[in-house]
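Here is a short briefing for a reader new to this structure. The overall picture comes before a single residue.

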There are 2 protein chains.
Amino acid sequence: MGQTACYYFFGKDPTFALATVVPFGLNTRQMNAWLTQAGGEQMLNDFFKSYNVIGWTGGNTTAQMGGWFRKEIKTVEDLKGLKMRIAGLAGDVMSKLGVVPQQIAGGDIYPALEKGTVDAAEWVGPYDDQKLGFVKVAPYYYYPGWWEGNAALHLLVGLDKFNALPKAYQAVLRMAAAETNNWVTAKYDADNPKALRVLIAGGAKLQPFSQQILEASFNAANEVYAGLTAKNETFKKVYESQMAFRKDGVLWDRVAENTYNNFMARQSAANKI
Amino acid sequence: MGQTACYYFFGKDPTFALATVVPFGLNTRQMNAWLTQAGGEQMLNDFFKSYNVIGWTGGNTTAQMGGWFRKEIKTVEDLKGLKMRIAGLAGDVMSKLGVVPQQIAGGDIYPALEKGTVDAAEWVGPYDDQKLGFVKVAPYYYYPGWWEGNAALHLLVGLDKFNALPKAYQAVLRMAAAETNNWVTAKYDADNPKALRVLIAGGAKLQPFSQQILEASFNAANEVYAGLTAKNETFKKVYESQMAFRKDGVLWDRVAENTYNNFMARQSAANKI
């Protein structure tokens, strides 16, 4: 039994990435809804079966930041030749824009940024990033992390062991995953704002990715998906289900939720809240 | 034991409203985070104690719509004298803008709108509104429902009965609330988009509230809060905790989450997803 982000196993099969998040994929609530209401969980467990595990989402670290850069990145041109610590599918998308993706373990990122072995690195968001101290060596802190509009963690259990459990114990595991799902998102939503304040006080220069960079990344992501769906039937099936959900989910988000959040954002910018 | 929106008991004490949502209050994720990570649940249970109940959030129907109007509402002037089915704190805020709030049970809203006994009515969002058929008699469907940026339901249990339960049974109740919390939000996020499509096909005219109306409502809400905090110590304590959380929560939301959602909204508007 373990809790993990399935996209770490992207190398075995890119379908694993769809269990966590893919570039320009679902946001946190859309991911929960797709998993539990639109057949996502069942589809993933059909896929997990060949690895002899079963799982449920158990924690989501929410929309992430775009990472730490030693220099300002204003245009797609600025990305060319940039060495960036970024993994998995996001790395493949970045490659199409000229970035040279680097795979570096969490603990090795700081010295690599300090020495200039890499020019940029993405990790998670303010709460986790603060602990690693990147602000001191790469102060430009970009957003949003378009490769992680959410980040669903999974509680994975050996399928044979799970099937051998009494029904009540199976229910306990599923409920523990559900409770963890609430708790992790709530914790990140409570701790990220505090960490962001500390980071800004410590010199972080918050910068949005330009619309040009976001558009180019979006198009590059679609090219990567075209390649993957052409050669992997399982990926194609799960991807298409997730993207159909995205289409409707974003359409609805544009109405009540996003308009409300945008109004509150304007009130915040005007120091009225 | 029951599941309810505590704001229905607003008449007993306005503090109950803070357990569900107040105008221009938290969004769904902020509410979950305030409840479980920032002392909200504890503060509410201290308050619930005098009613001999204990509770936890168990379901959130998310940001709501602004309701159904027989005519277009463009300015604050258009609200004057408008008879609207709207309850609780939101009704008090609307009063300040000249609206005449009406209390009508769900099943009686349709005939009242049809006869013109009321000019407008708010209910929930597409999924619930569709069932009541308002589109046929009041086609202007406004958003966002600024009085319900989220709508937290509570699982309430008699305190003495809860305390008498074995620890494992207490845990089962709390886990059931957590699982329901995930499930209800996911269900609304999955079903609202479908219902919205049906409503639009059926003639609903989607309209955003103007910035002028939102601003005036925001200011009116603050006047209502000033009155309530001046005369109710418990309300003041819980309100201030919730609003401090709102300030930080929106500040963070403006960075990764909202920027991501806004980009996806633009891609949706451009038919790219």
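Buried means under 20% relative accessible area, exposed over 50%, and partly exposed in between, with a 1.4 Å probe and protein chains only. By that rule, 60% of the 273 residues in chain A are buried. This is a predicted model, in which local features need pLDDT of at least 70, side-chain atom pairs count only at pLDDT 80 or more, and totals for chains, interfaces and linings use all residues. Residues are numbered from 1 along each chain as its sequence is written, chains are lettered from A and ligands numbered from 1 in the order in which they are written, and side-chain values use heavy atoms, leaving out hydrogens and water.

**Fold and dimensions**
- Chain A contains 10 helices and nine strands, which are DSSP runs (helices H or I, at least four residues; strands E, at least two) numbered from the N terminus.
- Along the principal axes, the C-alpha atoms of chain A fill a box of roughly 55 × 45 × 35 Å.
- Contact means heavy atoms within 4.5 Å; of the contacts in chain A between residues at least 6 apart in sequence, 77% join residues at least 24 apart.

**Surface**

**A:Ser268**
- Helix α10 of chain A (residues 256-269) holds A:Ser268.
- A:Ser268 counts as buried because its relative accessibility is 7%.
- Apart from neighbours within four places in sequence, A:Ser268 is in contact with A:Ile273 and with B:Val250, B:Leu251 and B:Arg254.
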